[in-house]
Amino acid sequence: SAAFVDGDTEAPIDPDVVKLSIRTPAGVVTTYTHGVESTIVKEAVGQYFAHIDANEAGFWFYRWWSTGFGQTAKENEFKVRTAQAIEA
């Protein structure tokens, strides 16, 4: 999820264009744009989220970014571990 706010007032804002780029552990990068693909959902002013099918073990990297009014960017990562079978 991402929250976009005015840098001076901290009030929520909707940037002109909101994007999300995802890099899989295999290095494949996919970029989504709010209003073009249905992957990015707007919850409220300045509040966006996306559901990503993280179906590959390893480190995933993502970057929320915007252009035009409200231009900003933030990057982060998460790790998907290989599933371990549990004996009953």
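Modeller: The side chains of Ser21 and Trp65 are joined by a polar contact of 3.1 Å, a polar contact being a pair of N or O atoms within 3.5 Å, where within protein one must be able to donate a hydrogen and the other to accept it, and where residues adjacent in sequence count only if both atoms are side-chain atoms. This is a predicted model, in which local features need pLDDT of at least 70 and side-chain atom pairs count only at pLDDT 80 or more, while totals for chains, interfaces and linings use all residues. Residues are numbered from 1 along each chain as its sequence is written, and side-chain values use heavy atoms, with hydrogens and water left out.

Ser21 is buried, its relative accessible area being 14%; buried means under 20% relative accessible area, exposed over 50% and partly exposed in between, with a 1.4 Å probe and protein chains only. Leaving aside residues up to four places away in sequence, Ser21 touches Thr30, Thr31, Phe61, Tyr62, Arg63 and Trp65, where contact means heavy atoms within 4.5 Å.

Ser21 belongs to strand E2, strands being DSSP runs (E, at least two residues) numbered from the N terminus. Strand E2 covers residues 17–23, and five of its seven residues are buried, so this strand is largely enclosed by the rest of the structure.

With strand E3 (residues 29–33), E2 pairs in the antiparallel sense over five bridges, and here Ile22 stands opposite Thr30 of E3. E2 and E3 also form a hairpin with five residues between them, and in its turn Gly27 has a positive phi of about 95°.

Terms used: Helices (H or I, at least four residues) and strands (E, at least two) are DSSP runs, numbered from the N terminus. Two strands pair if DSSP finds at least two bridges between them.
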